[in-house]
Amino acid sequence: MRFFGYLFDPEKWGGPEGILALCGQHLGYTLVTLMIAGAIGFPFGVYVGHTGRGVTLVAGLANALRALPSLGLLVLLVILCGPLFTSDLAFAVPSLIVLVLLAVPPIMTTTYAGIAAVDPAAVDAARGMAIGRSASSFMSKFPARCRSSFPACGMQRCRSYPRRR
Amino acid sequence: MKAIVAKRLAEVAAALGGASARATSARKVAIGSDCSSQGIIIWNAKTTSLRMINRLITPSSGSISIDGEPTEKMDVVKLRRRIGYVIQHAGLFPHRTVVENIATTARLSGVTRPKALATARELLDRVGLGGEFANRYPWQLSGGQQQRVGVARALASDPQLMLMDEPFSAVDPVVRTQLQDEFLRLQRDIGKTIIMVTHDIDEALKLGNQVAMLRTGGTLAQVATPRQLLAQPADNFVADFVGRDRGYRFLGFAGTADAVRLVSEPTVRLGATVDEAKAAALGRWVLAVDDHERPLGWVDLDRPFTHVRQDGLNLSGTLSAQGEPLRALLDAVLSAPSGRGVVTDADGRLLGTATLASVSSVLEDGRSRDWAEAQP
Amino acid sequence: MNLDWIIAEAGTIGTLFLWHFGLSVVPVLLSLVLAIPLGWLAHRSGFMRPFWLGLAGLFYTIPSLALFVLLPLVLHTRILDPINVVVALTIYALAMLVRTVADGLSTVSPETLQAATAMGYRPAARFLRVELPLAVPAITAGLRVAVVSNVSIVSIAALIGTPQLGSLFTQGLQLRFLTPIVTGIVLCIVLAALLDLAVVWAGFRLSPWNRSNK
């Protein structure tokens, strides 16, 4: 019953520490993380998928990043960044760095896998129609694979850590 | 639905024809596995018909019985273990070696592992693959080799009845011909009741002793021996399907080259001088043979040369072996640049040559008799 | 970095490493055992397949810390009981592996399955002797991701006081001392690499037929 009491207490929803504010904050972290991680992981994935160069590097890197203990990294960054900021940013920046590091590998690998899995015949056809190399990537490969890249973004789990003040 | 099922059951029966299967009514089919027979179904709804026999598809009505036993009353797994099944791309198990693949069916019918593996090795040899293939995995084999393994696997449990669903259609024409020839040889050795589905009319005519032709929609157009199908197509559908070349195809059934009078052919060996070749020749062309009297190709005396060499030979002529149908001999005659078709014995050694005139006289003699025989 | 500290604490670090190892491996093995039947069900569920797989994936979005704290209430265990961590990590690994198993099963070609049925395999035997062995390479790939991610997630359990390498992080934060943190990170990566190798090796041994092994 305490659970519902908590849930229906208007006090708990509003205000700078309320559920709504926390939701917004959570969503904000998620979106910023996704944008940064997408900006890093997506071009890498496209490049590797398109040229076939550095496949082992990407796969190895992705797995190594997955193994990075997020908590350890967060603590490390908080201690290292602490002296650099006086505001809340002392916690926000390390969190974002960790979240981006966690989000990059899946975006990179699924983009790579998606681009590499495009039917080579469709790519040949695009080349045959005299669409340039980079144009062919965006006109034939990109639309064909959008769908496989985005679930990976969706899979991203933004873990919530206790905010330390 | 009932009508369709009944029709399909009739197809199954029709495919086996008289001796081994009969439709006791439009809704009951009996398959006997006691006598060896190859039935071939071609054209529509064929795969469905085949799968009804081992109940991969269940007929919603009607009945199929094997050796008097209705299949719908049997345990479906036991039924399938009694029936060999070969499909288009072989469907081998990628995670098992070739011998393990072959041994699978024997293992399923309760044979011990060492015994099953021994059988598998024997069968591997039988389908024309050497022991070096035994421990390879399917991906290390060509399409034709996989198909041979697929046939061996179906045979390993010594089934009474074999179903083959377009077994040779996924391989290239050269391999397909090899597989078909081996199929005929194998069938002479083992004598199983086989029902095969194909969309290739030549394959049906070559392999089947009863061929059922089905129309679009699955109704039976005609069931007959290959010879009858060519000589007496039941209607325009069958006539169109057996094709424009049916006169030529019929030569495949119009007796063998043995009846044709052969003329001995002068030959030269590789390395012979131009004068030796000219002395031996009957005209512009002279046949070159190797040390075992096996024909190599024709030497053109109108072209300048000093010695007969392998790379100077004209290779356009095909060879016809003794015992092959007239179709092969006629082809040899038509393709030889000298106009003389080369006939060899079973070991490939030269027996002599035949001219178009000699072939056509045999055809003329035989024609009236053969075409008359094909009449019902 | 302070090497003296590492040498002095070597015994404790070793214990933490072993705990971390156990907490990483046991949940993955448990979830694999559970994922095989569940993945099979999802694989066989036809048009409901995306729904079941989506539902399984949803478990992955539960914040790990929240799960660590909630589980004692659900399971009636003590808050420091490692069982909580094992159950939570099993749920995460399961969320990933159900999809892996279902995808692995769907890599088996229909022709192979049809041949197996036609030659008289019973359904259970067909699954165990044909489908599952053929799904091994795909399952291995998924298992690598699960096991490596798990090593990372285990460390979060330090926040609720379960001993493992993550304890070095909380300790380092309290003391504002970098050595234990760096040691913890390095050992986590080493452990992840070792487990990854072990999975690759097991997958290799279980699928000698796989052409990418050559």
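Axes are lines fitted to C-alpha atoms, for helices over the stretch in contact, and angles run from 0 to 180 degrees between N-to-C directions.

## Basis of the model

This is a predicted model, in which local features need pLDDT of at least 70 and side-chain atom pairs count only at pLDDT 80 or more, while totals for chains, interfaces and linings use all residues. Residues are numbered from 1 along each chain as its sequence is written, and chains are lettered from A and ligands numbered from 1 in the order in which they are written.

## A helix pair in chain A

Helix α5 (residues 70–81) and helix α6 (residues 89–116) of chain A pack with their axes 9 Å apart, at an angle of about 145°; helices (H or I, at least four residues) and strands (E, at least two) are DSSP runs numbered from the N terminus. Residues in contact (C-beta atoms, placed from the backbone, within 7 Å) include L73(A) and L77(A) from α5(A), which with others of that helix meet residues of α6(A), among them F91(A) and I97(A). By class, this contact has 12 nonpolar, two polar and no charged residues, where Ala, Val, Leu, Ile, Met, Phe, Trp, Tyr, Cys and Pro count as nonpolar, Asp, Glu, Lys and Arg as charged, and the others, Gly among them, as polar.

## A sheet in chain B

In chain B, three strands form an open sheet of mixed pairing in the order β11-β12-β13, two strands being paired if DSSP finds at least two bridges between them. Because β11 (267–269) and β13 (295–300) of chain B each have a single partner strand, one side of each is left without a neighbour in the sheet. Strand β12 (residues 285–289) of chain B pairs with β13(B) in the antiparallel sense over five bridges.

## Chain C against chain B

Contacts link 16 residues of chain C with 17 residues of chain B, and α6(C) gives the most to the chain C side, with six residues.

Definitions and conventions:
Two residues are in contact if their C-beta atoms, placed from the backbone, lie within 7 Å.
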